[in-house]
Amino acid sequence: QWLRAPSPRARFYEAISRRTREWAGERRGDHWHSADPLAMALALHPGDAQELVTRPMVVELEGRHARGATIVDWRREEGREDNVTILRRYDQAAFEALLEAALAAD
């Protein structure tokens, strides 16, 4: 419903997220997320994070697995130092309120 709000921001976001939503819809149904808004929510309101984890992560540059992919060592099997903090859960109601306000859909 937010994407149908009569605001330029809602129309813009609907347009730029359409392919992601279609891709996710084919693979995850109604359960999809938008990483950029979640990252911004965490930056603006870190207190609403419900689960953060630190793990070792590398960016694949050699093309061995997938060039440019981020590879997280979830079980810390390679002995590398933790170097990223990953948001696993964020307060859903708080996130929805931020998204609604950002799209001027309230």
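A residue is called buried when its relative accessible area is under 20%, exposed when over 50%, and partly exposed in between (1.4 Å probe, protein chains only). The model is predicted: local features need pLDDT of at least 70, side-chain atom pairs count only at pLDDT 80 or more, and totals for chains, interfaces and linings use all residues. Residues are numbered from 1 along each chain as its sequence is written, and side-chain values use heavy atoms, with hydrogens and water left out.

**Exercise 1.** Determine whether Ser 7 is buried or exposed, and which residues it touches.

*Solution.* Step 1: the relative accessible area of Ser 7 is 5%, so Ser 7 is buried. Step 2: Ser 7 lies in the segment before α1 (8-28); helices (H or I, at least four residues) and strands (E, at least two) are DSSP runs, numbered from the N terminus. Step 3: not counting residues up to four places away in sequence, Ser 7 touches Leu 103 and Ala 104, where contact means heavy atoms within 4.5 Å. Step 4: a polar atom of the Ser 7 side chain lies 2.6 Å from the backbone oxygen of Leu 103.

**Exercise 2.** Describe the geometry of the aromatic pair in the structure.

*Solution.* Step 1: the structure holds one aromatic pair. Rings of Phe, Tyr and Trp (its six-membered ring) pair if their centres lie within 6.5 Å; planes under 30 degrees apart count as stacked, over 60 as edge-to-face and the rest as tilted. Step 2: Tyr 90 and Phe 95 form this pair, with 6.4 Å centre to centre and 80° between the planes, which is edge-to-face. Step 3: both Tyr 90 and Phe 95 are buried.

**Exercise 3.** Locate Arg 76 and characterise its phi and its accessibility.

*Solution.* Step 1: Arg 76 lies in the loop between β3 (70-72) and β4. Step 2: the phi of Arg 76 is near 55°, a positive value in a residue other than glycine. Step 3: Arg 76 has 41% relative accessibility and therefore counts as partly exposed.

Definitions and conventions. A polar contact is a pair of N or O atoms within 3.5 Å; within protein, one must be able to donate a hydrogen and the other to accept it, and residues adjacent in sequence count only if both atoms are side-chain atoms.
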